Amino acid sequence: MGDIKRYIVRRTLSFLPTILGVLVLTFVISHIIPADPVRVWAGGYKARPEIIEEIRRRYHLDKPLYEQLILYLNDVFSGNWGVSPMSKRPVLVDIAEYFPATLELSIVSGLLLTIIGIPMGLIAALKKDSFIDHAIRVVALIGTSAPAFWLAIVLQWIFYYYLGLLPATSRGTPPSIRYTGMYVLDSILTGDVELFIENLKHILLPSVTLAFTGLGIIARVVRNTALDVVSSEFIDFAKARGLQGLQLYRHILKNSLIPVITVLALEIGYILSGAIVIETVFSWPGIGLYAVNAINSLDYPAIMGVTLLIGLIFIFINFITDIAYAVIDPRVRL
Amino acid sequence: MKKILEVKDLRVHFYTYNGTVKAVDGVSFEVYEGEVLCIVGETGCGKSVTARAITKMIRSPGKIVGGRVLFNGIDILELDEDQLSSIRGKTITYVYQDPSAALDPLYTAGYHVAETVTAHSVGMRIREALRRAVEIFHEILIPDPENRVKSYPHELSGGMKQRVVIATAVANYPKLIIADEPTTALDVTIQAQILDLLKELKGRYGSSVVMITHNLGVVAEMCDRVIVMYAGKIVEKAHTERLFENPLHPYTKGLLNAVPNPYRKTMRLESIPGVVPDMINVPEGCRFRPRCPFATNACLIEPELIEAEKDHYVSCWLTSKVGQQ
Ligand SMILES: Nc1ncnc2c1ncn2[C@@H]1O[C@H](COP(=O)(O)OP(=O)(O)OP(=O)(O)O)[C@@H](O)[C@H]1O
Ligand SMILES: [Mg+2]
């Protein structure tokens with residue numbers, strides 16, 4: 001286990017330059033937007049020049065770029081992610097309000113993806129070349145090729161308009177006490193069963209839509225990995241040593257995990273970016289909706305904040321994935 | 001000597017898209033207590049399939065279509081998966097050809113041995129079994145056994161990995177060790193060490209060994225008796241010395257002419273012309289006929305395996321005629 005700790009430290013250090021890179025990129029990208037945000041904030045074409053000047057000064061936009069960058073880095077690390085000119089609130093406060101909605105949506109679709117996709121893959125592997133295997137292949141194909149927004153609309157039409165079973169938009173009702181900002185989780189924590197069911201109904205359609213796009217890929221990867229591992233020489237040798245049942249499955253499962261973790265990590269990325277589209281279709285007040293509004297109003301600090309947040313999340317996912325690899329596979333720990 | 005294993009008329013077919021591969025086609029032999037029996041033959045002649053069929057380790061599209069494998073009076077081929085698992089790795093164990101592929105990269109060397117022990121000892125904990133692994137590593141001369149059990153396969157050399165594989169094979173005091181080309185994947189210098197180790201262990205554990213090889217040097221070095229296989233059949237069976245001194249089948253002669261013979265001086269090494277037939281369309285009659293320099297019309301009928309001299313069997317019309325006259 002000693003080498004695992006050393007590996008984690010090394011990996012953490014190697015992520016620092018990446019984080020810095022994300023920061024610089026966020027900064028640069030937001031400054032090459034071909035529009036004058038100050039004028040927009042000040043009220044458009046009719047804005048008075050003094051006000052424009054005033055805003056320019058207040059946001060240090062009159063300073064040279066490198067000075068702005070240093071100010072920016074300094075602020076980010078001291079927890080000041082700027083104030084959104086649109087909401088007139090600190091960006092971090094906005095993020096704290098909107099992000100739990102996205103997190104909740106991503107977690108539920110991630111769970112759906114895992115608990116449906118992995119067994120689907122295993123069944124396809126067990127029943128290789130059977131009807132079920134082909135059916136799963138078709139589901140996979142539809143999932144990957146259908147655009148998320150189209151799927152969203154179809155599902156809304158079936159379950160809301162036609163069957164009237166599920167709500168089509170919004171998050172439901174916030175529980176009386178806010179623990180995490182995730183409605184479903186918070187309603188469990190407050191012990192409110194009715195609210196839990198209501199909020200679960202709300203999250204079902206958007207999370208199913210999100211999960212569906214990745215389901216096929218997971219199932220296919222699990223299937224092919226399991227088939228590879230089961231036909232590998234070391235599983236054969238394990239059988240030749242008289243291993244069976246759990247002792248044998250342990251080898252199969254552990255060896256199948258690595259590719260599965262890789263796709264799961266990729267899928268989480270897809271889910272996050274997919275969330276932006278899905279949140280718009282389902283009026284889900286998450287970070288995606290927030291970002292879309294920020295972009296429409298050239299809300300610099302908000303755009304930078306969201307970009308930075310998503311960048312950091314991706315780095316974090318990569319980090320966790322790397323550590324998971326190292327825990328599973330001793331060859332990675334070098 | 002006591003027979004511990006008797007293979008009778010074993011037949012294994014592979015049902016492929018191109019047709020039925022008769023990989024093993026009526027093979028019979030026996031293994032005596034404490035002996036080393038070698039199976040030799042060119043690539044593809046069915047050695048591995050024979051070895052695997054002994055504990056029913058044949059996977060689809062392969063199928064054991066006939067024969068019996070008698071071990072202590074019971075037919076292994078009649079057993080269910082549970083009973084087979086209790087024999088595999090305990091009374092009959094395997095050493096595979098490529099140790100890098102045979103070991104699970106995600107588990108330590110010691111774990112492989114330990115789980116093989118726990119699989120066959122009810123109630124034994126893996127921790128306890130790991131201590132047994134250290135003992136075995138010590139016995140098979142793996143240096144620094146306490147630390148080596150904690151090594152992962154990728155941290156070990158090829159020779160060391162094969163020692164670990166051998167450790168799993170001897171961990172439960174087997175009656176029979178089946179070694180399928182145990183040195184082919186290793187450096188020449190390591191090969192001799194591994195062979196010595198196997199010889200040593202067989203003496204210490206009192207196991208019999210079935211050794212598969214296409215290296216006649218290994219045969220001369222290790223084996224008490226030899227079976228020569230060609231295209232899914234046994235063509236000759238004899239004590240090692242007899243086979244080297246007096247090979248009867250033209251195929252065996254060809255094999256011996258292709259390598260320096262430790263029992264006879266040969267001037268020139270020659271290869272056998274032609275290749276092993278594809279096993280879907282095997283030649284009618286004697287399967288070696290198309291490559292045989294002595295082939296006659298008689299060879300269109302398949303010869304039986306007959307005892308040409310004491311304990312020396314051959315399936316060839318040349319010898320049969322001599323025997324009949
Ligand atoms: N899974 C399979 N599918 C189809 N045919 C197979 C399969 N496994 C083995 N065979 C066939 O069975 C025959 C015997 O194979 P086997 O592996 O026993 O040869 P071998 O004597 O061990 O050769 P080598 O020296 O190369 O190990 C070969 O002709 C091979 O094509
Ligand atoms: Mg072989």
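This is a predicted model: local features need pLDDT of at least 70, side-chain atom pairs count only at pLDDT 80 or more; totals for chains, interfaces and linings use all residues.
Visitor: Let's start with chain A. How many helices and strands are there in it?

Guide: Chain A has 13 helices and zero strands. If you walk along chain A from the N terminus, you therefore read α again and again: α-α-α-α-α-α-α-α-α-α-α-α-α. Along its principal axes, the C-alpha atoms of chain A fill a box of roughly 85 × 55 × 40 Å.

Visitor: Now the place where the chains touch. How do I read an interface?

Guide: The size of an interface is often given as the accessible area lost when the parts come together. For chain B and chain A, that buried area is about 2,400 Å². Carbon and sulfur atoms give 53% of it.

Visitor: How many residues does the contact take from chain B and from chain A?

Guide: Chain B puts in 28 residues and chain A puts in 24 residues.

Visitor: And how many salt bridges are there between chain B and chain A?

Guide: The count is three salt bridges. One to look for joins the side chains of B:Glu115 and A:Arg241, at 3.1 Å from N to O. That distance counts because the cut-off for a salt bridge is 4 Å. The interface of chain B and chain A also has 17 residue pairs in polar contact, with both residues at pLDDT 80 or more.

Visitor: Which elements give two or more residues to the side of chain B that touches chain A?

Guide: They are helix 2 (81–87), helix 3 (99–102), helix 4 (109–118) and helix 7 (158–170) of chain B. The largest share comes from helix 4 of chain B, with five residues. Sorted by class, this side of chain B has 13 nonpolar, eight polar and seven charged residues.

Visitor: On to the ligand. Which residues are closest to ligand 1?

Guide: Ligand 1 is surrounded by 14 residues, and the closest are B:Thr43, B:Gly44, B:Lys47, B:Ser48 and B:Val49. By class, the shell holds six nonpolar, six polar and two charged residues.

Visitor: Which element of chain B gives the most to the shell around ligand 1?

Guide: Helix 1 of chain B does, with three residues. Strand 1 (3–16), strand 2 (19–32) and helix 1 (47–53) of chain B each supply at least two residues of that shell.

Visitor: What should I look at between the atoms themselves?

Guide: Look at the oxygen atoms of ligand 1. A polar side-chain atom of B:Thr43 lies 2.4 Å from one oxygen atom of ligand 1. From the backbone, a polar atom of B:Lys47 is 2.9 Å from an oxygen atom of ligand 1, and an N or O atom of B:Cys45 lies 3.3 Å from an oxygen atom of ligand 1. Taken alone, ligand 1 exposes 630 Å², and the protein buries 67% of that.

Visitor: Last, the backbone. Which peptide bond is cis, with omega near 10 degrees?

Guide: Look at the bond from B:Ser60 to B:Pro61. B:Pro61 sits in the loop between helix 1 and strand 4 (62–71) of chain B.

Visitor: What about phi? Where is A:Asp129, with its positive phi?

Guide: A:Asp129 is in the loop between helix 5 (91–126) and helix 6 (131–145) of chain A. Its phi is about 65 degrees, although A:Asp129 is not a glycine. A:Ser170 is another residue other than glycine with a positive phi, near 70 degrees. You'll find A:Ser170 in the loop between helix 7 (148–162) and helix 8 (183–189) of chain A.

Conventions
Residues are numbered from 1 along each chain as its sequence is written. Chains are lettered from A and ligands numbered from 1 in the order in which they are written. Side-chain values use heavy atoms; hydrogens and water are left out. Contact means heavy atoms within 4.5 Å. Buried area is the accessible area (1.4 Å probe) that two parts lose on being put together, summed over both. A polar contact is a pair of N or O atoms within 3.5 Å; within protein, one must be able to donate a hydrogen and the other to accept it, and residues adjacent in sequence count only if both atoms are side-chain atoms. Helices (H or I, at least four residues) and strands (E, at least two) are DSSP runs, numbered from the N terminus. Ala, Val, Leu, Ile, Met, Phe, Trp, Tyr, Cys and Pro count as nonpolar, Asp, Glu, Lys and Arg as charged, and the others, Gly among them, as polar. A residue is near a molecule or strand if one of its heavy atoms lies within 4 Å of it. Accessible areas come from the Shrake-Rupley method with a 1.4 Å probe; for residues, only the protein chains shown count as cover.
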